[in-house]
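Please study the structure shown below.

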Amino acid sequence: MRLSHLRQRLRDLGAKPCHEDRLLRGWSQVGSYDRAHSPAKTFFPLALRNELPAIEAELHGLARLRGEYPATPSPTLPRTTGEGANVALRASSNDDEVARLLVELHDGQMVESVLLPRGGLCVSTQVGCAVGCVFCMSGRDGLLRQLGSAEIVAQVVLARKRRAVSKVVFMGMGEPAHNLDNVLEAIQLLGTQGNIGHKNLVLSTVGDLKVFERLMEGLTHKPSPQPSGGTTSHLTKPASGQVAGYPASGRGGEREKRSSAPVKPALAISLHTTDSALRAKLLPHAPQIAIEELVERAEAYARATSYPIQYQWTLLDGVNDSDAELERIVRLLTGKYAVLNFIPFNAVDGLDYRRPSAERIALMAQTLNQQGIYTRVRDSAGHEIDGACGQLRARGVKVE
Ligand code: SF4
């Protein structure tokens with residue numbers, strides 16, 4: 001389900017922007033539709049009230065918890081309680097909880113979400129992935145299908161039913177650039193009605209020119225002028241490639257204007273090497289963009305938004321951990337508004353890669369930091385827990 005289709009359905013039931021706004025806030029924040037002196041039962045139009053139970057049931061069915069797996073024990077992380085699969089969802093104020101969630105979509109397909117420390121959540125954007133990174137399980141079966149924007153938001157709703165979520169990273173299964181309209185639509189909702197700060201929405205990509213173009217377009221977007229004397233223009237379905245939102249009108253116009261201004265997410269780039277030929281082998285179906293151009297385009301976005309680019313680098317022993325790589329990283333990233341995240345590879349059955357030794361990893365990070373490249377070592381794919389994407393789904397599919 002796409003959010004633009006949900007919005008249209010609400011409008012067909014007589015919802016005005018204020019009704020859409022309240023319903024989408026209630027759903028995405030797992031809150032009430034009631035307001036002081038304005039209960040939903042009198043606020044929503046009758047047709048919408050009548051249809052609300054069916055809509056809620058559909059939204060609930062978009063993402064269901066199929067299994068829950070504790071984070072792999074790590075010396076730097078708290079252990080989870082290991083309650084196992086199919087536990088009942090529960091409210092929790094523990095926003096440092098880490099766990100991997102196997103999420104079943106309405107058609108039985110499964111994806112993964114990962115609860116991260118400090119209120120973070122990693123969501124999936126596709127079932128499978130077409131990029132085929134050689135160190136990732138998600139690419140094994142190729143792309144099975146896209147997630148609709150409502151399915152992406154539904155993962156946040158599912159996580160929020162157990163604890164607060166204040167940051168969402170689009171680094172789970174799938175390449176966001178290959179499902180960009182849905183990803184941007186989800187980002188737009190999460191950054192407005194979903195109440196998540198723009199810089200806490202992190203779009204991760206292997207690098208695709210259309211991502212840079214769409215994000216830069218968003219920076220120059222001006223909210224549509226308020227239509228004179230009416231609320232009709234919001235009824236127009238967004239054109240393809242346009243993120244859902246609606247122009248300001250009447251009471252509540254400021255809030256609606258904020259909802260229509262494009263949300264500016266932070267950007268993460270999966271770099272993994274500075275050697276173009278090696279990158280083409282590691283990420284076989286990523287767009288072939290010169291690495292220097294990738295960094296220049298990312299830098300332009302970083303400077304325009306004041307959010308540093310997060311470069312992701314899965315560390316593979318004997319593959320991309322050489323001194324020559326370090327020298328090229330320094331040349332490439334010196335003076336750039338960027339953070340480099342080293343992510344030591346986690347062993348996965350069926351993949352022959354290994355992570356470098358702890359000493360080598362520490363030396364690499366130290367060398368770069370000494371040369372002015374801000375470098376961090378993360379436990380796994382930005383997740384800080386074991387989460388080579390695709391492992392859970394593979395396990396879940398075998399269970400079938
Ligand atoms: S690492 Fe990301 S882009 Fe690469 S195959 Fe896995 S999900 Fe796709």
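Q: What span does helix α5 reach, and what span is expected at 1.5 Å a residue?
A: This is a predicted model, in which local features need pLDDT of at least 70, side-chain atom pairs count only at pLDDT 80 or more, and totals for chains, interfaces and linings use all residues. Residues are numbered from 1 along each chain as its sequence is written. Helix α5 (residues 149-160) has 12 residues and reaches 17 Å from its first C-alpha to its last, close to the expected 16 Å. The expected span is 1.5 Å times one less than the number of residues; helices are DSSP runs (H or I, at least four residues), numbered from the N terminus.

Q: What makes α5 mostly covered?
A: Of its 12 residues, 10 are buried. A residue is buried if 20 or more other C-beta atoms, placed from the backbone, lie within 10 Å of its own, exposed if 12 or fewer, and partly exposed in between. Among the buried residues of α5 are Ile152, Val153 and Leu158.

Q: Why are α5 and α6 called oblique to each other?
A: The axes of α5 and helix α6 (residues 180-190), lines fitted to C-alpha atoms over the stretch in contact, cross at roughly 45°. Angles run from 0 to 180 degrees between N-to-C directions. Under 35 degrees is roughly parallel, over 145 roughly antiparallel, 65 to 115 roughly perpendicular, and the rest oblique. The pair is therefore oblique.

Q: Why does Arg360 count as partly exposed?
A: Arg360, in helix α12 (residues 358-370), has 14 C-beta neighbours inside 10 Å, and therefore counts as partly exposed.

Conventions:
Helices (H or I, at least four residues) and strands (E, at least two) are DSSP runs, numbered from the N terminus.
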